Amino acid sequence: MAKYLFLIYGDEQAWEAESVQERKDKQAGHGAFAAAAGDAIVGGHELLPAATATSLRGSGAGRPTPTDGPFLETKEVLGGYYLVEAPDLDAAIALAERLPELSAAHGGVEVRPIRAAD
Amino acid sequence: MTGNAEVGEAVAQAHRREWALVLAATVRVVRDLDLAEECAQEAYAQALRTWAVNGVPARPGAWLTTVARNRGRDLLRRESVLRSALPLLVTDDATDDIADGVVAGPEPSGLDDDRLRLVFTCCHPALSRDAQVALTARLLCGLSTAEVARAFLVQETAMAARITRAKKKISGARIPYRVPSAGDLPDRIGAVLEVVHLVFTTGHVAPAGALLVRRDLVEGAIHLARTLHQLLPGNGDVAGLLALLLFTDARRETRLSGDGQLVLLDEQDRSRWDAGQIEEATALLTDALRHAGPTRYSVQAAIAAVHAEAPTWADTDWAEVTGLYDVLRRLWPSPVVELNRAVALGFRDGPAAGLAALAPLLDEPALGAYAYLSAARADFLRRLGRWAEAATSYEEALALTGNEVERAFLAGRLEEAVGKLG
């Protein structure tokens, strides 16, 4: 088995503009995803908006200075993640396809393998 | 003892015909692409030595596979501690591992499962199209990295990096070494067919260099299309692609004159087209159209069939060709299809009509560096006797093609046009 990180990206403004019903539907979608994935889900969370992020960058000398905001100022931001276990990439993709964000026009999921421990 | 030349030829032939099979069967045992390549290469090197002493075996592919797999098992045992940290390719039959001592060669007939696993792995949608094509040419057609780089006009170091990156992704992201399930197959076959077609096209008119045709790529692509057709006999696109490749390749011997000059379709000696191959392609196409209806590749094959059926260039049914391009542009809209349709229309309705049909394509960015657009314009202008404009268009086409045989042809036509200007 291998582990993959599902990084859920999307347009934050579009997320925030969602109606109460849309939010409920999405929550139900994540419930269905969790039910289908079962034990394959190792962890996962929704993140607070990108504006709440604080970035630290190493300078190689002295303490890093914290700065306001995410590393990249882009329209599509990281909104949440799952850590899952799957036998191979096809299985991971099949699982990721169930995420409710992928039925939104602005949503996307990056599937990244976790480096196996040596 | 067998003669050196004879053994050399037998090994070369086994490389052309069975490289992918030997490699793919070894991959399944060692579950590591690099190691499998190393072992397959060593098996061919050993064949040169052993066959010279013992003679060429009855089934060279089985011999090579056995040697490559055994070598792989030895290396894995020796390096098991070192390799245990590396991710192995995921296969669907992990029981066939290094512990089983059974020597299994490829079966002489039937479905070539290992090679299909390899082609679906190389063409996995999680790899970029460039990587898919490079891996297919390298691993399935058996070209060296230098040859793949030359064929696709990329620096060798860049191509080596591209192939290494793709292999790392296959093992790191665990792209499985497996033929997709029946449910996924329709989605996955499209990329495979495009890659096979691209490999064939690159071989059919090499984009650069002194040779018009690269046999290794052409034969590799046809072989792959045949294997896919065995797996999916009812798939119209697969049968259509195989028919298209066979129709196109049937003209191979007539595309060059005795002194190496390019001969276009209108002047080719049709009696020298490969009749057996055309017959096979026709049967495939008929079957494909009857069972699956028109698809992108079967319509392209049907266009090639119209040319194959015409006893002479003058007898070509241009109305039929134009009609088929109308079907094709609906199934598979692309600027290149528009260009070919405009050319067919020019032969149906005359060069002025062809020129008018080409006009809107001149602003098409996708065709900006496409030599055939300038060449097609030049030809219609030549037929209309508009020599000054024809010369300009031939110059444009010359600037855009890197194939020396094509350049020589275009230079000849340019000279003719300039001569008419007096």
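Predicted model: local features only at pLDDT ≥ 70, side-chain atom pairs only at ≥ 80, totals over all residues.
**A link between two helices of chain B**

Arg71(B) has a charged partner. Glu42(B) forms a salt bridge with Arg71(B), with the closest N and O atoms 2.3 Å apart. Glu42(B) sits in helix α2 (residues 33–54) of chain B and Arg71(B) in helix α3 (residues 60–78) of chain B, so the pair ties together parts that are 29 residues apart in sequence. Glu42(B) is also partly exposed, at 29% relative accessible area.

**Other salt bridges**

Over all chains, the count comes to 32 salt bridges. The table lists some of them, including one that crosses between the chains.

| Pair | N to O distance |
|---|---|
| Glu42(B) and Arg71(B) | 2.3 Å |
| Arg178(B) and Asp88(A) | 2.6 Å |
| Asp114(B) and Arg117(B) | 2.8 Å |
| Glu9(B) and Arg16(B) | 3.6 Å |

Take Asp114(B) and Arg117(B). Both lie in helix α5 (residues 113–122) of chain B, three residues apart, or about one turn of the helix. An α-helix has 3.6 residues a turn, so residues three or four places apart point the same way. Asp114(B) is buried, with a relative accessible area of 11%. Arg117(B) is buried too, at 10%.

The pair of Glu9(B) and Arg16(B) has another setting. Glu9(B) is partly exposed, at 41% relative accessible area. Arg16(B) is partly exposed at 48%.

Salt bridges also form a network in chain B. Its members are Arg215(B), Glu219(B), Asp249(B), Arg252(B) and Glu253(B).

**Around Gln277(B)**

Gln277(B) touches Leu246(B), Asp249(B) and Ala250(B), leaving aside residues up to four places away in sequence. Gln277(B) belongs to helix α12 (residues 275–292) of chain B. Its side chain reaches the backbone oxygen of Leu246(B) at 3.2 Å. Why is Gln277(B) counted as buried? Its relative accessibility is 14%, and buried means under 20%.

Gln13(B) is in helix α1 (residues 4–30) of chain B. With a relative accessible area of 31%, Gln13(B) is partly exposed. Gln13(B) and Ala357(B) are 344 residues apart in sequence, and their C-alpha atoms are 47 Å apart in space.

**Helix α6 of chain B**

Helix α6 (residues 129–140) of chain B has twelve residues, which should span 16 Å at 1.5 Å a residue. Its end C-alpha atoms are 16 Å apart, which agrees. Ten of the twelve residues are buried, so α6(B) is largely enclosed by the rest of the structure. Among the buried residues are Gln132(B), Thr136(B) and Arg138(B). Gly142(B) follows α6(B) and has a positive phi, near 75°.

**Chain A**

Chain A holds three helices and six strands. From the N terminus on, the order is β-α-α-β-β-β-β-α-β. Its C-alpha atoms fill a box of roughly 45 × 45 × 20 Å along the principal axes. Of the 118 residues in chain A, 31% are buried. Among contacts in chain A between residues at least 6 apart in sequence, 75% join residues at least 24 apart.

Strand β5 (residues 76–86) of chain A has two partners described here. Strand β1 (residues 2–11) of chain A runs antiparallel to β5(A), and ten bridges join them. Strand β2 (residues 41–46) of chain A pairs with β5(A) in the antiparallel sense over five bridges. Gly80(A) takes part in both pairings: Gly80(A) is the bridge partner of Ile8(A), and Glu46(A) stands opposite Gly80(A).

**Where the chains meet**

How many residues does each chain give to the contact? Chain A gives ten residues and chain B eleven. The area buried between the chains is about 760 Å², and carbon and sulfur atoms give 53% of that area. In chain A, Asp88(A), Leu89(A) and Asp90(A) lose the most area to chain B, together 58% of what that side buries.

Two salt bridges cross the interface of chain A and chain B. One of them joins Arg178(B) and Asp88(A). Five residue pairs are in polar contact between the chains. On the side of chain A that touches chain B, β1 and α3 (89–96) of chain A are the elements that give two or more residues. The largest share of that side, three residues, comes from α3(A).

Note on methods
Residues numbered from 1 in each chain as written. Chains lettered and ligands numbered in written order. Heavy atoms only, no water. Pairing = 2+ DSSP bridges. Helix = DSSP H or I, 4+ residues; strand = E, 2+ residues; numbered from the N terminus. Buried < 20%, exposed > 50% of the residue type's maximum accessible area, 1.4 Å probe, protein only. Polar contact = N/O pair within 3.5 Å; in protein donor to acceptor, adjacent residues only side chain to side chain. Contact = heavy atoms within 4.5 Å. Expected span 1.5 Å × (residues − 1). Buried area = accessible area lost by both parts, 1.4 Å probe. Salt bridge = Lys/Arg side-chain N within 4 Å of Asp/Glu carboxyl O.
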